[in-house]
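Please keep the sequence and the structure in view while reading.

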Amino acid sequence: MTDAPERALVVMAHPDDADFSCAGTVALWAEAGTEVVYLMVTDGEAGGDELTLDSSEIAAMRREEQRRAAAEVGVKDVRFLGYPDGRVVASLDLRRDIARVIRQVRPERVVTLSPERDWDSIAASHPDHMAAGEAAINAVFPDARNPHAHRELLTEEGLAPWTVAQVWVVGGPKPHHPSDITDVFERKMAALAAHESQIGDITELEPMVRQWMAANAAEAGLPAGRLAETFRIINTA
Ligand SMILES: [Zn+2]
């Protein structure tokens with residue numbers, strides 16, 4: 001159930017969401033042969049302190065940063081839907097656009113953000129995160145598998161229905177599955193470091209991320225010294 005799948009699709013709201021939440025696990029799957037595709041709902045043009053560039057320049061920079069971050073963990077296919085950063089809602093259009101990519105990629109596993117607010121982590125529960133997660137879950141069930149949903153995907157684009165077996169949710173309440181990323185922690189940090197416009201000094205971020213991952217591991221009962229990303233695994237077959 002938790003082995004590396006053949007294909008995985010990671011649906012996130014912003015560039016850098018995957019790197020904070022699941023890039024270590026992605027690195028492990030990619031090493032094991034999983035073909036991983038990243039899908040970013042926005043270009044992240046509302047992130048960071050840069051106010052001298054216009055939003056299209058920031059968007060281009062953040063797309064490039066995300067492509068470099070993805071390459072650090074073995075992901076070559078990075079797609080962007082271009083929804084406006086800070087204004088994401090779980091609309092039917094967004095559900096269709098995510099369902100389209102699910103039908104194109106045909107992943108056994110989707111990783112996405114929690115639609116549920118985590119009251120212990122207000123930053124994890126950014127409204128774009130919850131909206132992207134809600135749309136992604138609805139794209140998994142029922143849209144991607146139901147031939148009647150978004151009929152144009154089938155009739156005009158020739159995209160057959162596809163059933164995703166599992167969804168791995170990050171950033172919400174009640175994660176129960178630890179993924180031990182101790183051996184690839186440096187690669188996760190290299191991916192985070194690619195987001196130069198967002199993270200400031202990587203040497204200050206590193207101990208914080210290490211501490212979060214150590215706390216995840218301890219909470220999950222892993223031995224001392226281990227680092228973990230955590231997920232809530234949903235059976236969606
Ligand atoms: Zn985000």
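## Overall fold

How many helices and strands does the chain have? There are nine helices and seven strands in the chain. The model examined here is a predicted one.

Along its principal axes, the C-alpha trace spans about 50 × 45 × 35 Å. For 237 residues, a compact globule would have a radius of gyration near 18 Å, and the 17 Å found for the chain agrees with this. Among contacts between residues at least 6 apart in sequence, 79% join residues at least 24 apart.

## Surface and charge

The chain exposes about 10800 Å², and carbon and sulfur atoms supply 52% of that area. Of the 237 residues, 49% count as buried.

The charged side chains comprise 23 positive and 39 negative ones. The centres of these two sets lie 7 Å apart.

## The nonpolar core

In soluble globular proteins, nonpolar side chains tend to be buried together. In this chain the largest nonpolar core has 64 residues. Those with the most contacts inside this core are V10, M12, C22, Y38, I98, I102 and V111.

Which residues does I98 contact, leaving aside its neighbours within four places in sequence? The partners of I98 are V11, L39, L81, A132, A135, A136 and A139.

## Helix 5

Helix 5 covers residues 127-143 and includes N138. Is N138 buried or exposed? With a relative accessible area of 16%, N138 falls under the 20% limit and is therefore buried. Apart from neighbours within four places in sequence, N138 is in contact with R95 and D143.

P142 also belongs to helix 5. The peptide bond leading from F141 to P142 is cis, with omega near 10°.

## Residues with positive phi

Most residues other than glycine have a negative phi, and most peptide bonds are trans. R106 has a positive phi of about 55° although it is not a glycine. This residue, R106, lies in the loop between helix 4 (92-105) and strand 4 (109-113). Its relative accessible area is 33%, so R106 is partly exposed, a class that lies between 20% and 50%.

H150 likewise is not a glycine, yet has a positive phi, of about 45°. The loop between helix 5 and helix 6 (151-155) holds H150. Why does H150 count as buried? The reason is that its relative accessibility is 16%, and buried means under 20%.

Definitions and conventions:
Residues numbered from 1 in each chain as written. Predicted model: local features only at pLDDT ≥ 70, side-chain atom pairs only at ≥ 80, totals over all residues. Heavy atoms only, no water. Helix = DSSP H or I, 4+ residues; strand = E, 2+ residues; numbered from the N terminus. Rg over C-alpha atoms; globule rule 2.2 N^0.38 Å. Buried < 20%, exposed > 50% of the residue type's maximum accessible area, 1.4 Å probe, protein only. Contact = heavy atoms within 4.5 Å. Areas by Shrake-Rupley, 256 points an atom, 1.4 Å probe, with all protein chains shown as cover. Lys, Arg positive; Asp, Glu negative; His and termini not counted. Charge placed at Lys NZ, Arg CZ, Asp CG, Glu CD. Core = buried A, V, L, I, M, F, W, Y, C linked by side-chain atoms within 4.5 Å.
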